[in-house]
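Visitor: Could you walk me through this structure, one feature at a time? I would like to learn how to read each of them.

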Amino acid sequence: MKSKYLKDLSILLDDYQMDRFEKQDIINDYSEMYDEWIEKGYYEDEVEKKLGHPRSIIRDLTEGHKKIERPLPGSEKVIALSPFVATITFLILGFGFDLWHPGWMIFLIIPVTAIIMSMGKTKQDHLSTALSPFGATVTFLLLGFVFDLWHPGWMVFLIIPVLGIWNSRYSMRKIDLLTALSPFIAVVAYTVLGYYGYFAEGWVVFLIIPMFGIFNYPNKKVMLLWEFLLIGGVTGYLYILLYTETSWEYALLALVPFGLFSLYKSDWSIDGNMPKRYRLVVVLSLIAFLAVGFIFSVWTISWLFFLAIPVYAISTEVGNKQRIVALTPFIALTIFMLVGYFFNLWHLSWIVFLIIPMTAIYKNT
Amino acid sequence: MNSQFKRGIIEMCVLKMISREDMYGFQLIDTISQEIEVNENTVYPILRRLTKQGLFDTYTKSMNIGAPRKYYSITEEGTLKLSEYEGEWRKFLDGVYRILGGNENEK
């Protein structure tokens, strides 16, 4: 266990511009610390929990050191060749199999190649965040064109903010990660419930957001009471609504104790130590998503507000050089969705994705 | 508390502790953490940085059981830096106390 911990740390340190003596110094320090905790009677897994996962501590350890860029073999050639490969494949699909549509989607390999080649150089954690718009777009279009499932097919786009948060997991505590992901779990659950006609009752799934948040409360007894009031309130609300003849206004009374207790404890923020700005971005995007969705009934595109989350994560966590390359998929996806949705130009709007390889090539040269 | 601000204060505490007696990393963390909430991942980078800046010297001491320990001792440059930090810190605290005291008097 100790050797694996130190090996993992050493592999991560190899990605930074740091002389080998300094690297060895860090490894020796952690080796010493590990031994000291063992001597104090801790088990290996307890020691590793105390020291922190190598991925979560690497930022502190490498402060002021740049990441090493390791160009992927032949990356420039692969980026340059991808448009030709895409065009030839598109023509074969079109002329050979009459698959002009959805064969045009093959052009998405051009931006995908550019992102992999550009971000792969520094093994960015956010590589999958930057690639997710493509996976989601292809899935969304196939669901829409083939099965006419534009709604709730748009939900696949939620994978983008979820990945944005997931790839930042090493800078968060587990409970903060769950709290940050809870709005998306709620949105998916609410849409599925709504699909089956449970819009009126289904909104209670949004209460999982405070439910996870309350776990952060420092006083365990208060935390348990608070959770009890919340779960009891939801159970009571659903019971009154579904099994009695009473109207929903009366059913809401079941949540009053939880509401009052929350007001009483409102001096404390439910999302604990999650960075304040992350909290704000998640909450604002959720509000905007619901507000625009309900007011204009445009759920198919109102999820675009959630892109603010990965955009924020990339803006703060990815280095200057890769930042613009990582951000262009989100800009492109927003333009693609707006043009496709409002002007029904899906077959043309994909061209906007070409700004990604263009940006990557421009940055690399 | 702002993490940058806290790190600055911990840096001064590390200098102070090592100026009192030579210590190894774990011993230093153990001592400081009795007064302030700190962990290894904050203190070790500070120790390495201050050593790199020439404020600490290091030497190893072999133990009866286990691997030898790396001890840190303060250099002359480190002592000068510490007194400079202490002076700035006292001046800063005096200002803060004057402001806080002033507010209280107004009440």
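Visitor: What percentage of the 107 residues in chain B do buried residues make up?

Guide: First, a caution: this is a predicted model. In chain B, buried residues account for 21% of the 107 residues. The count behind the word "buried" is 20 or more other C-beta atoms within 10 Å.

Visitor: How many helices and strands does chain B have, and what pattern do they follow along the sequence?

Guide: Chain B has 4 helices and 3 strands, and reading along the sequence gives α-β-α-α-β-β-α.

Visitor: How should I read the place where chain B touches chain A?

Guide: In general, the size of an interface is often given as the accessible area lost when the parts come together. Here we can count residues instead: 12 residues of chain B are in contact with 13 residues of chain A. On the chain B side, helix 2 (25-32), helix 3 (40-52) and strand 3 (69-74) each give two or more residues. Helix 3 of chain B gives the most to that side, with 6 residues.

Visitor: Let us turn to a helix in chain A. What span does helix 5 of chain A reach, and where does it bend?

Guide: Helix 5 of chain A covers residues 75-97, 23 residues in total, and its first and last C-alpha atoms are 31 Å apart, close to the 33 Å expected. Its axis bends by about 35 degrees at A:Leu81, with a proline, A:Pro83, following within four residues. After the helix comes A:Asp98, which has a positive phi, near 55 degrees.

Visitor: Is A:Ile92 buried or partly exposed?

Guide: A:Ile92 belongs to helix 5 of chain A. Because A:Ile92 has 13 C-beta neighbours inside 10 Å, it counts as partly exposed. Its C-alpha lies 9.3 Å from that of A:Gly103, 11 residues apart along the chain.

Visitor: And what about A:Leu108: is it buried or exposed?

Guide: A:Leu108 has 20 other C-beta atoms within 10 Å, so it is buried. You will find A:Leu108 in the loop between helix 6 (100-103) and helix 7 of chain A. Setting aside neighbours within four places in sequence, A:Leu108 is in contact with A:Phe134, A:Val138, A:Trp350 and A:Phe353.

Visitor: How are helix 7 and helix 8 of chain A arranged relative to each other, parallel or antiparallel?

Guide: Start with the axes: those of helix 7 and helix 8 of chain A come within 10 Å and cross at roughly 180 degrees. The two helices are therefore roughly antiparallel to each other. The contact uses A:Pro111, A:Val112, A:Ile115 and A:Met119 from helix 7 of chain A, and A:Leu127, A:Ala130, A:Leu131 and A:Phe134 from helix 8 of chain A.

Visitor: Which residues of the largest nonpolar core touch the most other members?

Guide: That core has 59 residues, and those touching the most other members are A:Ile115, A:Phe157, A:Leu307, A:Ile309, A:Phe336 and A:Phe353. Several helices of chain A each supply at least two residues of this core, including helix 7 (109-119), helix 8 (127-147) and helix 20 (320-343). Helix 20 of chain A gives the most, with 7 residues. Apart from this core lies another, of 26 residues, among them A:Met33, B:Val14, B:Met23 and B:Ile74.

Terms used:
Residues numbered from 1 in each chain as written. Chains lettered and ligands numbered in written order. Predicted model: local features only at pLDDT ≥ 70, side-chain atom pairs only at ≥ 80, totals over all residues. Expected span 1.5 Å × (residues − 1). Bend = angle between axes of the 7 residues up to and from the residue. Core = buried A, V, L, I, M, F, W, Y, C linked by C-beta atoms within 7 Å. Buried ≥ 20, exposed ≤ 12 C-beta atoms within 10 Å, placed from the backbone. Axes fitted to C-alpha atoms, helices over the stretch in contact; angles between N-to-C directions. Parallel < 35°, antiparallel > 145°, perpendicular 65-115°, else oblique. Contact = placed C-beta atoms within 7 Å.
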